[in-house]
Amino acid sequence: MRNILIAFMFCASTAAAAQQATSGPGGELRVLDKVTGIITDLSLTRGESGRVGSLEVKLIDCRYPTSNPSGDAFAELTVTYRDNPEPIFSGWMIASAPALNAMDHPRYDVWALRCMTS
């Protein structure tokens with residue numbers, strides 16, 4: 001799956017070679033608890049972690065197109081479940097295509113919403 005994401009990002013970057021990405025100071029993520037139906041939004045700065053139930057979500061980086069700050073967000077996340085140090089997800093999520101590199105967990109869904117631009 002990671003190779004598909006890398007190929008997609010490469011194709012997108014070659015199609016729009018002039019487009020540059022900027023790292024934002026943070027990002028906004030959404031977490032769905034599929035058991036309770038509760039949706040929680042997290043606003044995290046780069047390097048910060050947030051906890052929702054038994055899930056811990058760490059935002060490594062959040063990038064957006066330099067020429068279009070309200071454009072598509074790319075968030076690099078590490079997600080752990082309970083106190084297990086082994087992540088259940090580690091990689092990039094794309095706000096406009098959350099299923100492209102989705103986290104597969106029976107209880108929780110996580111997806112990127114947008115990057116903070118200031």
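Reader: Leaving aside its neighbours within four places in sequence, which residues is valine 57 in contact with?
Author: Valine 57 is in contact with Leu29, Val31, Leu42, Leu44, Glu48, Ser49, Gly50, Leu77, Thr78, Val79 and Val110. Contact means heavy atoms within 4.5 Å. This is a predicted model, in which local features need pLDDT of at least 70, side-chain atom pairs count only at pLDDT 80 or more, and totals for chains, interfaces and linings use all residues. Residues are numbered from 1 along each chain as its sequence is written, and side-chain values use heavy atoms, without hydrogens and water.

Reader: Why is the set of 21 residues called a nonpolar core?
Author: A nonpolar core is a set of buried Ala, Val, Leu, Ile, Met, Phe, Trp, Tyr and Cys residues joined through side-chain atoms within 4.5 Å. The largest such core has 21 residues, of which Val31, Leu55, Val57, Leu77, Met103 and Val110 touch the most other members. Strand E5 (55-65) is one of those that supply at least two residues each; its share is the largest, five residues. Strands are DSSP runs (E, at least two residues), numbered from the N terminus.

Reader: What makes E2 and E3 a pair?
Author: Two strands pair if DSSP finds at least two bridges between them. E2 and E3 have seven, in the antiparallel sense, so they pair by that definition. Leucine 29 stands opposite leucine 42 in E3.

Reader: Why is arginine 82 called exposed?
Author: Its relative accessible area is 53%. Buried means under 20%, exposed over 50%, partly exposed in between (1.4 Å probe, protein chains only), so arginine 82 counts as exposed. Arginine 82 lies in the loop between E6 and E7.

Technical notes:
Helix = DSSP H or I, 4+ residues; strand = E, 2+ residues; numbered from the N terminus.
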